[in-house]
Amino acid sequence: SSSTEEESESSGDSEPEEATAAQPGGSTGTNTMHLPPAPSEAKNPAPTLQPPPSGTSAPSESLASAPPLPLAKPAVFIPVNRSPEMQEERLKLPILAEEQVIMEAVAEHPIVIVCGETGSGKTTQVPQFLYEAGYSSEDSIIGVTEPRRVAAVAMSQRVAKEMNLSQRVVSYQIRYEGNVTEETRIKFMTDGVLLKEIQKDFLLLKYKVVIIDEAHERSVYTDILLGLLSRIVALRTKRHLPLKLLIMSATLRVEDFTQNKRLFTTPPPVIKVESRQFPVTVHFNKRTPLDDYSGECFRKICKIHRMLPAGGILVFLTGQAEVHALCRRLRKAFPTRCSQPQEKEEEKDSAEGMRRFKKSRTRAKKAQAMALPQINLDNYSVLPAGEGDEDREAEMDDEEEALGSDLDLDLGDSEANEGEQPDASLPLHVLPLYSLLAPEKQAQVFKPPPEGTRLCVVATNVAETSLTIPGIKYVVDCGKVKKRYYDRVTGVSSFRVTWVSQASADQRAGRAGRTEPGHCYRLYSSAVFGDFEQFPPPEITRRPVEDLILQMKALNIEKVINFPFPTPPSVEALIAAEELLIALGALQAPRKDERLKTLQISQLSCPITALGQTMSTFPVAPRYAKMLALSQQHGCLPYTIAIVAAMTVRELFEELDRPAASEEELAELKGRRARVAQMKRTWAGQGASLKLGDLMVLLGAVGACEYSGCSPQFCHANGLRYKAMLEIRRLRGQLTTAVNAVCPEAGLFLDPKMQPPTESQVTYLRQIMAAGLGDHLARRVQNEDLLDPKWKNAYKTPLLDDPVFIHPSSVLFRELPEFVVYQEIVETTKMYMKGVSTVEIQWIPSLLPSYCQFDAPLEEPAPTYCPESGRVLCHRASVFYRVGWPLPAVQVD
Ligand code: CDP
Ligand code: MG
């Protein structure tokens, strides 16, 4: 920055005013109310923003020589040398009208909320306002968080371009890549990246301003960041190193932030940016198509393209594969000269994108089975210091297949019977848009389409609020979104397609009215719309929180109950989470002699253990993470990974119990059921291996399927769901990478076709499963308890009063072992346990001490199992199970 630049900036000052007067927005006549007045930068800058007169020393010098500034006063005015075209573009944005208001609020308040319609210029302009007002220097920069990678990359590029600066100055950082340099002044990043930085430097001293963008999305990590930052801001103020926090949000439910006294004691000022939104006519479908919404999209686009005046089309679908399939179909129908090669390239890029998440090591590990049939509970892999949460961000791109998904509609069929070949007079410039698309390809959507073509962007919900695509006049909304779904019983997450909320649907419609009046075609009826939820509930309220609590403890946030969540999870959810984590050994129990009682609210402050640190790095629920952490012994890891992957995928087997429509179908179903039952018995084996039960079946099915080359034929013949098997394969790769990150010396190599485990490995695996599923322990009701016939063959669990049974589909259905652990309970005619494995009674005190009651205080060392005598060694005479268990004491030495 030199004085000449300042001069060129100030001499340009008079131009924008004229440009403003002649704004196209003013001539439309549809919305004269919200015309932005001349931006403050064109008027006299606010008194505090007095630029140094030209010819004086460079801004950084004046900053260094100035006496310490009073809190929050911007330091200097940093000139930006924008191109006249860019400047003209900017001046059209509604937020420019609010620059002075925003900057005054920022100067006076530590925390400011800016909310405004998508496209009003929040993301691209506010960082520039702050930069110009001197809120960045060599050692303290402006940070901007985005919940999505696409936005972090695209916005850094856009802002650099607008400011005529290189990406060395306006940079981005996402999990796998970034271009931050010493010169960086504005840094766009995902919220996961900032959370990780807080782990290393709690005060975030590197930043002078942090902007939390897209706060309305209420992603769990954004919510936690807001809670943390509310405290960090206070600490920084105390130390006279003020940090400014800006929260930017679309116009949705700001009250969660402003009315929450625990989050912000004084409600921060809210600056509303009025936007110039043109009217959008919403058209509902008469009927709601059941499944083929992609086909419906295709037909609607054809109609729009053939019959309606010029203007870009934006289509909302739910996932990457769907987006590609529709692009392919559209390009075939309306070819342009370059569509074919482009498509190949895009798909290559997306494959490359996926690969980036799956770099896995290739060094093989020799399995070394040892003779002792007892796993070592202290033998868990522990992270090298300073590393962690490697996969946190990979989990957050919600619409993508981080864990795989079987929801990508197969468009193959519909493509084949393309009856209506539209007349392809005007070429359609078809572009995909989704999170994992290469950044250069994403940038394509912001460019004007080639002369004589119509732009058609096929997008996932990244286009809903994060990115604004210019020139869109028509929106086609399938009404669906791919969402992470959490299973309350297993805590396992998967991706499902659900209806969006009314607020989201309206956001999508609004995309059509950015530059002129537009139309939104909803592929569902108004009645269906009426049934949509009003707002999407914050993520944190619709999922179990044990994984989240583990992540927070890994950040050394011990008293989670006091944490200022914007919307807190319920106290019951917090207690349940903390108890489970203590039982798993991820958290230290409050006091040894109190470990049997239910936790009190005041005790929700247990610190994390080394085991918990390790567990926090695996992208699976804590029960499964415990299994993985324990498996780095006796060559068990590949097996545990396969079992965990298979347990995480729901419904491995096809539903064959369905009612048949005809005699033939019934016969076929019966035949297949018999075949599946036979295969299950084969996979489960006999003797030691059968004791691993249904988990052995999972292992056998995964191995056998890989031997067959994972063919659809094999899956069909054996009643396995093909998509589930593919998903398992993907997840095994991901977990292998995660384990290698924790424990590089393991050099684990994913061998899809595993050798079957040895007999002693099966025993270790049973212990590992029991250690992870400890709260899912059940004991067969003894004969003497059989007063009531309803308890015949029944099991008792600590939490349920009613009898539970082994599911008839289980290979242990006829075995009826005394102690079992189960993966989940499903309720149909009775309560059935699924995913059952047997547990030896003598393992319970050592593997699951928190589920036992000892008749004397627990002393060190913990009870151990002695293989020679087959007995449990500990200093107490007997072990009881948890209060409420109708169980006898177990005698131990
Ligand atoms: O954050 P907010 O939704 O309020 O708006 P923004 O993302 O800052 O976008 C402001 C304007 O910049 C939009 O109208 C976009 O069309 C435009 N823009 C662009 O032309 N090219 C980009 N790469 C990004 C934004
Ligand atoms: Mg934005």
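A polar contact is a pair of N or O atoms within 3.5 Å; within protein, one must be able to donate a hydrogen and the other to accept it, and residues adjacent in sequence count only if both atoms are side-chain atoms. This is a predicted model, where local features need pLDDT of at least 70, side-chain atom pairs count only at pLDDT 80 or more, and totals for chains, interfaces and linings use all residues. Residues are numbered from 1 along each chain as written, chains are lettered from A and ligands numbered from 1 in written order, and side-chain values use heavy atoms, leaving out hydrogens and water.

**Exercise 1.** Find polar contacts of ligand 1 with threonine 123, glycine 121 and serine 120.

*Solution.* Start with threonine 123: a side-chain N or O atom sits 2.6 Å from an oxygen atom of ligand 1. Next, a polar backbone atom of glycine 121 is 3.0 Å from a ligand oxygen. Finally, a backbone N or O atom of serine 120 lies 3.2 Å from an oxygen atom of ligand 1.

**Exercise 2.** Work out which helix gives the most residues to the shell around ligand 1.

*Solution.* First, take helices as DSSP runs (H or I, at least four residues), numbered from the N terminus. Two elements give two or more residues to the shell: helix 7 (122-132) and helix 8 (149-163). Helix 7 gives the most, with three residues.

**Exercise 3.** List residues that leucine 229 touches, beyond four places away in sequence.

*Solution.* Leucine 229 then touches Leu194, Leu204, Val210, Ile212, Leu243 and Leu245.

Note on methods
Contact = heavy atoms within 4.5 Å.
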